[in-house]
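Biologist: I have a chain here and some questions about it. Can we go through them one at a time?

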Amino acid sequence: MSAVNKFEAQSFTNEFGQVIHPGDQVVYAGTAYQSTNITRAVFEGVYLNKAGSVEAVRVGSVPYQHWIYDRATGKGHHEDRMRKAVLPLRRVYKLA
């Protein structure tokens, strides 16, 4: 995905024919080094390339735990936060 791609809050049709609209509750399959995670999120829209084809999809309201370290006390803790995820493989599926 290059920097010229444009984000659009528009619907997306996945490989199963599900039409997913911005604001829909979804699950997505994300991969990292030697692992795959299934995460619940909210569909936000798509990134279009210069030709107008969908290059990636974006989801929001993805929960994660952020590690906070306090140098003064030498202790740390996790804080629950929300983030967005860009999915170049477009593996997003609508919840019924």
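Biologist: Let's start with Q34. Is Q34 buried or exposed?
Modeller: Keep in mind that this is a predicted model. A residue counts as exposed when its relative accessible area is over 50%. Q34 passes that cut-off, so it is exposed, with a relative accessible area of 72%.

Biologist: Where in the chain is Q34?
Modeller: Look between two strands, β4 (25-32) and β5 (35-48). Q34 sits in the loop between β4 and β5.

Biologist: What is the phi of Q34?
Modeller: Most residues other than glycine have a negative phi. Q34 is not a glycine, yet its phi is positive. The value is near 55°.

Biologist: Which strand holds S61, and what is its phi?
Modeller: S61 lies in strand β6, residues 54-70. S61 is not a glycine either, but it has a positive phi. The angle is about 55°.

Biologist: How accessible is S61?
Modeller: Exposed needs over 50% and buried needs under 20%. S61 falls in between, so it counts as partly exposed. Its relative accessible area is 40%.

Biologist: Now the whole chain. What is the pattern of its elements along the sequence?
Modeller: The chain has zero helices and eight strands. Read in order, the pattern is β-β-β-β-β-β-β-β.

Biologist: Why is the chain described as more spread out than a compact globule?
Modeller: The globule rule gives 12 Å for 96 residues. The chain is well over that, so it is more spread out than a compact globule. Its C-alpha trace spans about 55 × 35 × 30 Å along the principal axes. The radius of gyration is 16 Å.

Biologist: Which residues does N14 contact beyond its sequence neighbours?
Modeller: N14 lies in the loop between β2 (12-13) and β3 (19-20). N14 counts as buried because its relative accessibility is 5%, under the 20% limit. Leaving aside neighbours within four places, its contacts are I20, V92 and Y93.

Biologist: Which backbone atoms does the side chain of N14 reach?
Modeller: One is the backbone nitrogen of F16, at 3.0 Å. Another, at 3.1 Å, is the backbone oxygen of V92.

Biologist: How far apart are F12 and V54 in space?
Modeller: F12 lies in strand β2 and counts as buried at 7% relative accessibility. V54 is 42 residues away in sequence. V54 is also among the residues F12 touches, along with F43, V46 and V57. From C-alpha to C-alpha the distance is 8.3 Å.

Biologist: Which residues does Q25 touch, not counting those up to four places away in sequence?
Modeller: Q25 is in strand β4. At 36% relative accessibility, Q25 is partly exposed. The residues it touches are R40, A41, V42, K94 and L95.

Biologist: What about P63? How far is it from Q25 in space?
Modeller: Q25 and P63 are 38 residues apart in sequence. Their C-alpha to C-alpha distance is 14 Å.

Biologist: Last one. How far apart are the mean positions of the positive and negative charges?
Modeller: The chain has 12 positive and 8 negative charges. Their mean positions are separated by 3 Å.

Conventions: Residues numbered from 1 in each chain as written. Predicted model: local features only at pLDDT ≥ 70, side-chain atom pairs only at ≥ 80, totals over all residues. Heavy atoms only, no water. Helix = DSSP H or I, 4+ residues; strand = E, 2+ residues; numbered from the N terminus. Rg over C-alpha atoms; globule rule 2.2 N^0.38 Å. Lys, Arg positive; Asp, Glu negative; His and termini not counted. Charge placed at Lys NZ, Arg CZ, Asp CG, Glu CD. Buried < 20%, exposed > 50% of the residue type's maximum accessible area, 1.4 Å probe, protein only. Polar contact = N/O pair within 3.5 Å; in protein donor to acceptor, adjacent residues only side chain to side chain. Contact = heavy atoms within 4.5 Å.
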